[in-house]
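Thanks for coming. I have one structure to go through today, and I will keep to what can be computed from it.

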Amino acid sequence: MSGTGNGEFDTPVAIAVDPNKHHVFVLESGNRRIQRLNGDTGSTGIQWQPEVSGSPVTPVSVAVDGRSDVYVADSASDRVLRATVFNEDGSSRGDTEEPRPIGDPWTPTGEPQHMAKPAYETFDAQGKLWVSDSGNHRVLVFAKDPDGALTADTSTGAPLTGMDDPAGIAIDPEGAVFIVDSATHRVVKFSGSPLTREAASLGTGTAGAGDDQLDTPRGIAIAQRVEPHLYIADRGNNRVQVMTREGTLVRSLAPPSGDAFNGPEDVAVDSRGNVYVADTGNRRIVQFDSSDTFVRQFNVPNPDLPSSTTPEPC
């Protein structure tokens, strides 16, 4: 059951973790808003519905930088928006300034800052913003200029091209970039300086449910275990696959016995190694610990019942 109150989710499609404050941000396409959860308890106190000139945007993904600024891919308007939503103490700013666009959606297709249907976003360790520009079948990179504004960055070899509907992006400690090539049912890897696509990929390139196959994968995250592991939201197979960087299956994340994922769209990892899954079809967030053991699910309460948490103004 979906809802519009705090702690109720309508089509949660994207998830991000604040790198400093252990907050989990959940983007709901159905409610066109972002909810901020406590990463330890799942409790929700703040929500934000981004608007530009009084009109709600069409958010499809969310990212959070080291300053806790929130970035939203507005797919319908071919842009990424940035806003300072929260105060230093984590409280809502109330009426924040209007979100500011990153890049120019109306430049020619060949220009680095042009976007078409931007999808997933992530930040790397250097604070660069990576955006899967899915309509242009490429990945863009933005870095801060001396004035602090994010501008297109080509120093890494970006834009990265040669994909079909790129989705989630993950970057390992050595700087290799893993991109979900959703329409070809695989994850491709770029490495080196400048970044160059490697011949091998994770997934066979054909949709399937085998250990070495994926079906319309979407989000991806990386976590440091004994070695880095990739967590892939394998939407078409209703599962989340844990793989090595070479594509060897480690395990599938397992909800409690008798339960199952339903079209998971995204996955995120916090600084403690906890894993959060946006289980979109079940309208919930599912948490696992650093050993990939189920911890809890953030349930959707009945929206007809009184809520113990009062929504804060956005």
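I will start with the chain as a whole, then move to the cores and the aromatic pairs.

First, the ground rules. This is a predicted model, where local features need pLDDT of at least 70 and side-chain atom pairs count only at pLDDT 80 or more, while totals for chains, interfaces and linings use all residues. Residues are numbered from 1 along each chain as its sequence is written, and side-chain values use heavy atoms, with hydrogens and water left out.

The protein chain has zero helices and 26 strands. Both are DSSP runs numbered from the N terminus, helices being H or I with at least four residues and strands E with at least two. Of the 314 residues, 53% are buried. Buried is under 20% relative accessible area, exposed is over 50%, and partly exposed is in between, with a 1.4 Å probe and protein chains only. The accessible surface is about 12700 Å², and carbon and sulfur atoms account for 46% of that; areas come from the Shrake-Rupley method with a 1.4 Å probe, and for residues only the protein chains shown count as cover.

Now the cores. A nonpolar core is a set of buried Ala, Val, Leu, Ile, Met, Phe, Trp, Tyr and Cys residues joined through side-chain atoms within 4.5 Å. The largest one has 15 residues, and Phe25, Leu27, Ile34, Trp48, Val62 and Val70 have the most contacts inside it. Strands 1, 2, 4, 7 and 8 each give two or more residues to this core, with strand 1 giving the most, three. Another core lies apart from it, with 14 residues, including Phe178 and Ile232.

Last, the aromatics. The whole structure holds three aromatic pairs. Rings of Phe, Tyr and Trp (its six-membered ring) pair if their centres lie within 6.5 Å; planes under 30 degrees apart are stacked, over 60 edge-to-face, and the rest tilted.

How are the rings of Phe261 and Phe288 arranged? Their centres are 6.2 Å apart and their planes at 55 degrees, so the pair is tilted. Phe261 sits in the loop between strand 22 and strand 23, and Phe288 in strand 25, so the pair ties together parts 27 residues apart in sequence.

Phe288 also pairs with Phe294: the centres are 6.1 Å apart and the planes at 80 degrees, so this pair is edge-to-face. Phe261, Phe288 and Phe294 form one aromatic cluster. Within it, Phe288 is buried at 0% and Phe261 is buried at 6%, whereas Phe294 is partly exposed at 28%.
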